[in-house]
Every structure is written in structure tokens, then in C-alpha cells.
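We will go from stop to stop.

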Amino acid sequence: WLVPLVMFGLRQGVKFGARIATAMKGGRSGQDITVSNVDVTDCYFDEQCHGKVDWDQVGEHKMPWLSRLERLKKEHEAGSGARGAEAVGEALGEIRGGLREAGMPADRVDYIATKWLEYAFPGGFEMAPMARTNVVVSGLACENGYGIDLNQEYVYRGTTKDGRPYYQGTSRPDRYIYYDSYCADDTREPRWLLGGQPDLHRSWGLNTHDGQGCDNDFSILTDSNHLPGGRQKMVWQWCGDHGLLNTRSVSIIYNVGGNAKAVIPTADSRGGVSGVCAAYRTRGPNVVRGCERCSQGYPGRVEQCMGCGGRCFEKLCAGKSKDGIGACVMSPEFHDCHHSCMGEQQKDEESMEAAMSNKADTCTKYMAQGPSAVRGCRGCSYSFPGRVDECMGCGSQCFGKFCAGKSGDDIGACVRSPDFQACHGTCMGTQKGEAFASNSTCAKFAAQGPLAVEGCAGCAQGFPGRVDECMGCGGKCFVERCNSKTAGDIEACVMSPDFIDCHSGCMGSQKQVKLDTDKKDCYFDP
């Protein structure tokens with residue numbers, strides 16, 4: 001669950017005399033606080049806000065909302081988005097309204113909308129009226145309390161010489177947010193920063209009052225035409241008497257509705273654990289830190305990320321010494337394990353989303369049993385078109401016989417085992433009225449195992465009268481496309497578009513019988 005950080009090679013210059021003078025003017029809360037990297041500006045991760053929202057309702061609409069924004073992005077890039085800014089405004093209005101209907105407080109909806117727009121269509125921020133919207137800085141602080149008063153709304157004041165917007169603080173009007181392509185000789189990388197008043201006539205080095213250094217409380221390394229919204233990594237953060245490189249993040253909110261408020265860290269937030277990570281507090285600081293990394297690397301999928309971390313820890317790191325554990329969770333083997341696990345989880349989520357998006361889908365009825373059941377149904381639809389419910393029933397019987405009581409990776413190994421496959425094949429053959437493997441066409445493949453027999457059944461359905469050719473092409477494409485795959489990836493490989501294209505080309509037929517009559521489902525349409 002450790003997410004590798006992208007470290008930038010940069011030198012960050014600060015004129016310490018000017019910065020200390022600024023610190024003397026204010027900026028400290030007078031109390032030490034514990035700063036967490038958990039994004040508590042996001043209602044999902046804030047313990048108090050989280051309980052007010054119907055997250056199932058949000059989840060039901062999230063993918064359609066994101067898809068709409070992505071579609072607008074493609075139309076814009078293709079030059080076909082005639083309505084442009086108007087369409088973006090309507091989409092954000094629908095998102096904000098939907099979040100409010102789900103119970104999200106009015107002062108939190110704009111941050112979620114900001115994050116989703118930055119993810120799906122960042123160019124939308126450069127369209128009117130988004131380009132002239134005020135912004136809010138949230139969650140900014142140092143352990144010594146410096147920077148607390150910089151969490152505020154920043155009013156759009158116009159553009160600098162290069163056409164990018166700049167903003168001025170409300171409660172701290174001496175601080176501005178703007179873009180500088182070359183802030184100082186020792187701060188050469190282009191960035192958005194929070195600093196002193198910029199000179200609108202200059203192309204670079206916009207603050208003429210910071211001497212030879214670069215006066216900034218934080219900076220975000222990017223040459224984006226707009227101030228990036230959502231949770232952003234700070235390459236530099238000033239803490240009054242010292243600076244931090246690449247260690248913290250800050251939340252940027254586009255205040256579309258005018259209700260957004262900064263979430264300000266306080267001394268009462270000592271411990272820095274809130275929202276979804278609070279559940280891991282009793283398991284120690286290392287686990288909490290893992291959760292915080294999950295919240296940054298996999299926002300919205302923290303529990304899956306932690307679950308995969310636990311599985312990989314048990315598999316690779318259990319029993320190691322304290323020093324050995326640290327090396328283990330940072331090892332390439334651990335990262336590969338975690339990445340693979342999260343990929344499988346993503347496939348499960350996509351199966352659920354596909355079933356949700358197609359109400360006529362045969363597999364919709366299995367959604368209540370979880371993503372694994374939906375994925376099993378997909379496999380049944382592929383291997384036994386027209387007999388999905390029978391296939392699922394047999395799967396349930398064989399699961400109870402061979403896999404009950406197993407968990408995690410053991411379940412996957414169990415359902416792929418020869419015992420389970422033989423049980424399922426026999427059950428399906430019995431329900432059909434004949435032994436599945438004894439079919440005269442497919443009996444010869446029994447020696448190659450139940451998966452080969454199932455493949456033969458698929459060939460009999462897809463290429464009647466050409467089963468041997470179909471199996472030969474399957475073997476050829478398996479060697480070319482899937483031979484290096486692990487057991488857990490073989491099923492995904494033989495159902496992939498790459499494999500199907502190879503097989504179709506080998507068969508030389510443009511008249512392959514569809515494996516499912518549900519033409520609405522892209523999954524079954526070659």
C-alpha cells in the first residue's frame with residue numbers, strides 16, 4: 001500500500017531575511033499541530049462529514065458524471081464542442097446538485113467537483129466562467145502552526161502578462177497566487193506559487209521585492225495554464241524558519257457555488273487521523289501511514305488498497321524483523337504484488353459498473369452478491385451463452401464443496417483448480433443431460449484438462465462444424481499472447497480483444513456467431 005513518490009531534482013531558493021520578516025508579521029497559530037497527509041478537505045476522508053453522505057448514491061452517479069466530463073473533453077479537443085463553457089457549467093451544476101441530494105454539505109461539494117473536473121477535463125478550468133472563479137486554499141499548515149492563516153479564499157484579480165489568472169487573498173490580502181516560469185536563478189522550474197504581489201508587466205521573476213530568492217509559502221511544479229485544482233503535491237513549503245521539499249500536499253477548491261470553506265488544521269487535530277483512516281488507528285502508526293498513502297495514490301479506493309497491502313504483507317513480509325519489514329514493503333516484489341492486486345480489484349469494479357450501466361444485462365441480478373459474482377457471471381456468459389443461471393448455480397455448488405472457508409488469494413486458486421473445474425464441468429454436463437467431457441466432439445480434449453474442454457464448448461458454439469480449426473487457432477493464439485501469463489491472468493488474456501483479434505484472424509471468418517445475444521453489451525460485441 002506504499003505509493004512511490006515522484007521526486008523532482010530541483011533547488012529551492014529562499015531569501016531568509018524576507019521570509020523571517022514575514023514570519024514576524026504573523027502566520028503562526030501559537031500552537032503546535034500534527035499535520036496529516038489525509039485529504040480531509042474531501043468529505044469522504046473527513047470523519048464528521050463522511051457520515052452525512054449517502055455514498056452509495058454518490059457511487060451510482062460518479063462514473064456517468066465523469067464520463068460526461070471526459071466526453072466534453074474529447075469534443076473540445078476535436079473542435080466539435082460548440083457549447084464549450086456552457087456545457088461544462090451544466091455538467092458541474094448537475095454534479096454539485098447530485099452531491100447535495102446525497103447529503104453532502106454545501107461547503108464541501110465544490111471541492112469534489114473541482115477534483116473530478118481536474119481528473120476528467122482539466123481544460124474546463126480555462127473556459128469562462130471557470131477561468132474567472134475565485135479559489136480557496138485548504139488544509140495548509142506546518143507543525144509549528146505557520147501558514148494556518150493562509151487557508152482562505154483568493155479572489156480572481158485578472159491575468160498576468162502571459163494570460164494566466166492570478167488571485168489575491170481576502171483575510172491576508174498581502175498574499176497572492178500566480179504562475180511564474182522562472183521565479184529566481186535558484187528556482188528555475190515553472191510553477192504556481194503562493195507569494196508576494198506579482199508585477200503584471202513582467203514575463204518571469206514576477207515578484208520584484210524578494211531580492212535574489214523566490215518568496216513563496218508553497219509552490220506546485222507545473223506549467224499548466226490554470227491553477228491545478230484538487231489535492232496537489234507541493235514541491236516546496238515554507239514553515240517560517242525552515243522549508244520542506246516534496247513532503248506535503250495542499251487542497252485547491254474552485255469556489256463555483258460561493259459556499260466553499262477552507263478546512264483549517266488545529267491543535268485539536270493532533271494525531272492527524274480522520275475519515276476512512278481513523279479505523280486503522282488501533283493498528284499502529286505504520287498502518288495509518290499506509291492508509292494515508294492509499295488515500296493519496298488511490299482516492300476513493302482506500303479500503304481496496306489497504307486490503308491488497310494486507311494480502312501482499314502476509315504473502316511476502318510476515319515473520320520478518322522490524323528492519324526487514326521496512327525493506328520488504330519497499331521492495332519491487334511487494335509493489336508488483338500490490339499493483340497486480342489493485343488491477344484485479346479494478347476489473348471487479350469495472351464489471352460492477354458495466355452491469356450497473358446496462359439494466360438488461362444478464363449479470364445485473366448478481367450485483368448484490370458482489371463484484372466476484374458479477375465477474376463469474378461474465379465468465380458464464382462467455383462459456384455458456386444461454387445457460388448463465390445454470391452455470392452460476394453449478395459454480396455455487398462447487399464453491400460450497402471445495403472453496404467454502406477460504407479467503408483472499410486462496411479463493412482464486414480454488415476456483416481455478418482442477419477439482420473445481422471438473423466439478424463444474426460435470427455439473428453443467430449433468431444439467432444438459434449428457435456428460436460434458438464425453439461429448440463426441442470435445443471428449444478428445446479431456447486429457448488437456450477442464451479448461452480445454454470448456455474452450456471446445458465455446459468453439460462448438462462459435463464455430464459449429466469447425467471445432468478442430470477453432471481449437472488449433474486457440475492454441476496458436478494462446479502461445480503467442482498468453483503463454484507467459486500467470487494462472488490468475490490467463491482468463492483475462494483469453495477474453496481480451498487482443499486474443500479475440502488473433503483468433504478471428506486465424507479462423508479467417510467474418511461470420512463468427514455472436515457468443516451472446518445481448519448486442520447492447522460491448523463486452524460481448526467483438
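How far apart in helical turns are Glu480 and Lys476 in helix 15? Select residues 467-482 to show helix 15. Glu480 and Lys476 sit four residues apart there, so about one helical turn separates them. Their side chains meet in a salt bridge, at 3.0 Å from N to O. Glu480 is partly exposed, with 43% relative accessibility. Lys476 is partly exposed too, at 42%. Keep in mind that this is a predicted model.

**Next stop: salt bridges**

The whole structure holds 16 salt bridges. Select Arg68 and Glu94. Their closest N and O atoms are 2.2 Å apart, and the two form a salt bridge. Arg68 belongs to helix 3 (residues 55-78) and Glu94 to helix 4 (residues 84-101), so this pair ties together parts 26 residues apart in sequence. Glu94 is partly exposed, at 41% relative accessibility.

Now pick Arg387 and Glu390. This salt bridge has its closest N and O atoms 3.1 Å apart. Is Arg387 buried or exposed? Arg387 counts as buried because its relative accessibility is 15%, and buried means under 20%. Glu390, at 27%, is partly exposed.

Then select Asp39, Asp42, Lys115 and Arg231 together. Salt bridges link these four in a network.

**Next stop: the cores**

Select Trp116. Which residues does Trp116 touch, leaving out those up to four places away in sequence? They are Val58, Lys62, Trp65, Leu66, Leu69, Ile95, Leu99 and Phe121. Trp116 is also among the residues with the most contacts inside the largest nonpolar core, along with Leu69, Leu99, Ile177 and Phe218. That core has 56 residues. A second, separate core has 13 residues, including Tyr366, Cys377, Cys391 and Met392.

**Last stop: disulfides**

How many disulfides are there? The count is eleven. Show Cys308 and Cys341, whose sulfur atoms lie 2.0 Å apart in a disulfide. Cys308 is in helix 7 (residues 302-316) and Cys341 in helix 9 (residues 332-357), so the pair ties together parts 33 residues apart in sequence. The link is left-handed, with -75° about the S-S bond. Cys308 is buried at 0% relative accessible area, and Cys341 is buried at 6%.

Cys312 is in helix 7 and Cys337 in helix 9, 25 residues apart. Both cysteines are buried.

Finish at Cys398 and Cys423, joined by a disulfide with S to S 2.1 Å. Cys398 lies in helix 11 (residues 388-402) and Cys423 in helix 13 (residues 418-432). The torsion about their S-S bond is about -90°, so the disulfide is left-handed.

Note on methods
Residues numbered from 1 in each chain as written. Predicted model: local features only at pLDDT ≥ 70, side-chain atom pairs only at ≥ 80, totals over all residues. Heavy atoms only, no water. Core = buried A, V, L, I, M, F, W, Y, C linked by side-chain atoms within 4.5 Å. Buried < 20%, exposed > 50% of the residue type's maximum accessible area, 1.4 Å probe, protein only. Contact = heavy atoms within 4.5 Å. Helix = DSSP H or I, 4+ residues; strand = E, 2+ residues; numbered from the N terminus. Disulfide = S-S within 2.5 Å.
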